[in-house]
Amino acid sequence: MTLIDSDATGTTPTGGPTLAQERRLVTSLPGPRSAEILARKAEAVPVGVAHTVPIAAVAAGGGVVLDADGNSLIDLGSGIAVTTVGSAHPKVVAAVAAQAAQFTHTCFMISPYESYIEVAEALNRLTPGTFAKKTALFNSGSEAVENAVKIARKHTGRSAVVAFDHGYHGRTNLTMALTAKSMPYKSGFGPFAPEVYRAPLSYPFRDGLSGADAAALAITQIEKQVGAENLAAVVIEPIQGEGGFIVPADGFLPAIVEWCRANGVVFIADEVQSGFARTGTMFASEQFGIEPDLITTAKGIAGGLPLAAVTGRAEIMDAAHAGGLGGTYGGNPIACAAALAAIDAFENDGLIERAQHIGSILGDRLRAMQTDDPRIGDVRGRGAMTAIEFVDPETNAPDAALAGAVARACIQSGVIVLTCGTYGNVIRFLPPLSIGDDLLNEGLDVLADALAAA
Ligand code: PMP
C-alpha cells in the first residue's frame, strides 16, 4: 500500500487518515452496498441522469475514488475534467470550510463581496491577451457559453452564431443547439434555438487537410450559408472535449480568429474542458497562439465546486446593460473561495509542469501501445487531456464497440476511464494532476491488458 504525502494529494478535511493511493478491489463492481444505493437511484432518479461507473462514491483524493464497499479505483477521469487539482486539495478544502463559516450566500447582485472580484481579477490576468478584460461568473459551463453568446449578440447587434462539427457546449436549450451530437444530448428535446449554424472542423486524422485548407473550407461555408454581416460569434473548443479530443491542424484556429477580426465577429473559445492547466498551459488557446475575444471556463476552475466564467475584452463584456447578466448563485462565495485556492495551486504548486509530465507519460505509453496494435488509429491531445481513437484497421472505420468494451473492462478492473467522440470510439484520459506516476502507470497497464483481451 502506498501512502502519498497529504499536501500533494488531498486528505480527508478533518485530518483523518490519508486516502491510500492504491487500486484495491474487494468486491466485483458494484459491490453489495453500492448495488443497494444504485437500486435506490433507479427508483428515485430519472433514467436520463445516467452513470458510467457502477459504484457509489464515498471519498476521493490524489488519484483514487473510494466506493461504499471499500473498493479503491484509479481515477483517470477527474469527474469529467473537473478535479484537476485533486478531489480534496487541502487548500480548497480549507478555503471552503473557512468561507462556509463566514457566509454561504448574499447574492453578488445584491450585496457584492471581494472574493468574486478577486476571481475576476485572476481570470483577467491569466487568460491569453494583454488587452483590458472583464469577467462575469456563473454556475456551469453551459451557462457560461449561453452568456458569452448573449454578450456577443448585444455587442455586435447581430444574431447568428456558428459552432463546429463534433462540438459540445452543453445541455441547455441554446447550448444543445450549439452541440453537434444528437444522441444522447439532443434527440427528442427540440425545437432548438434558432440562428445557430454549423461549420466543418479541422480533424487531421480523418480529413487529412492542412489547417489553412480546413479553415478556408469553414470560412467559405460560413460566408455562403450565413454571411459575415449576420454573424455575432464563432464558438469553438480549441481542443474538443466530448467530440473526441480533436486537436485542429496547425494554422486552423489562427485563420478563423483572423477572419473573425476582419469581419467584426466575436471569437469565443470554449475552454470549459481544456482550461486551467489541463493541457500543459494555463489555457489551450496559448498553444495555438490565439487570443480569443471571449473565453468560457468552468470545470477545473474551482476544484470541484460549481463555478463558471466568461472573460473577455472589456469593451465587449460591457456591451450588456446593467442587470442583463447574472443569476442568483453566479459566483457563489464558497465556489469563489474554492477557485482562489485552486488558482493558487495552479500557479504555485507546479501544476502546469505536472500536466506536461503526465502528458509525456500518457503520450509515450499510448504511442507504444499503438505501435503494437493497429486498432489504435490515433493518439492525440495535449498534456493531461489525451485520448486514443479506435478503428477497424482495414477500413479506418470508427470502432465504438471496441472502445466501449475496453472502457468497461478497465472500470471492472478498478480504473475509471471515459469514452467520448461523435462515433463513441475514443477513450479519453483526464487524470487529476494530483495522481502519482505509479498509479497512472498502473492504470495504463490495466488498459493494455484490457486491450489485449478485447
Ligand atoms: N463546454 C464544454 C467544452 C464542455 O466540455 C462542457 C461539459 N462537458 C460544457 C461546455 C458544459 O458544461 P456544464 O456541464 O458545466 O454545463
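Predicted model: local features only at pLDDT ≥ 70, side-chain atom pairs only at ≥ 80, totals over all residues.
The domain assignment divides the chain into two parts: domain 1 covers 9-75 + 350-453, and domain 2 covers 92-348. Taken over C-alpha atoms, the centres of the domains are separated by 26 Å.

The interface between these domains may be considered next. In domain 1, 34 residues are in contact with 28 residues of domain 2. The size of an interface is often given as the accessible area lost when the parts come together. For domain 1 and domain 2 the buried area is about 2,500 Å², and carbon and sulfur atoms give 57% of this area. There are also 14 residue pairs in polar contact between the two domains. On the side of domain 1 that touches domain 2, helix H13 (351-372) and the strands S11 (376-382), S12 (385-390) and S15 (426-429) each supply at least two residues. Strand S11 gives the largest share, five residues. By class, this side of domain 1 has 18 nonpolar, 11 polar and five charged residues.

Side chains of opposite charge can pair when their charged atoms come close. The whole structure holds 16 salt bridges, and two salt bridges cross the interface of domain 1 and domain 2. Glutamate 242 and arginine 428 form a salt bridge in which the closest N and O atoms are 2.8 Å apart. A network of salt bridges links Arg206, Asp378, Arg380 and Glu389.

Arginine 23 pairs with glutamate 442, with 2.8 Å between the closest N and O atoms. Because arginine 23 lies in the loop between helix H1 (6-9) and helix H2 (32-44), and glutamate 442 in helix H15 (residues 437-453), the pair ties together parts that are 419 residues apart in sequence. Aspartate 437 forms a salt bridge with arginine 354, again with the closest N and O atoms 2.8 Å apart. This pair links helix H15 to helix H13 across 83 residues.

Threonine 127 is found in the loop between helix H5 (114-126) and strand S4 (133-138). Is threonine 127 buried or exposed? Threonine 127 counts as buried because its relative accessibility is 3%, and the cut-off for buried is under 20%. The side chain of threonine 127 reaches the backbone oxygen of leucine 123 at 2.7 Å. Beyond its neighbours within four places in sequence, threonine 127 is in contact with Lys133, Phe283, Ile295 and Thr311.

Methods
Residues numbered from 1 in each chain as written. Heavy atoms only, no water. Domains from an automatic or database assignment. Contact = heavy atoms within 4.5 Å. Buried area = accessible area lost by both parts, 1.4 Å probe. Salt bridge = Lys/Arg side-chain N within 4 Å of Asp/Glu carboxyl O. Polar contact = N/O pair within 3.5 Å; in protein donor to acceptor, adjacent residues only side chain to side chain. Helix = DSSP H or I, 4+ residues; strand = E, 2+ residues; numbered from the N terminus. Nonpolar A, V, L, I, M, F, W, Y, C, P; charged D, E, K, R; others polar. Buried < 20%, exposed > 50% of the residue type's maximum accessible area, 1.4 Å probe, protein only.
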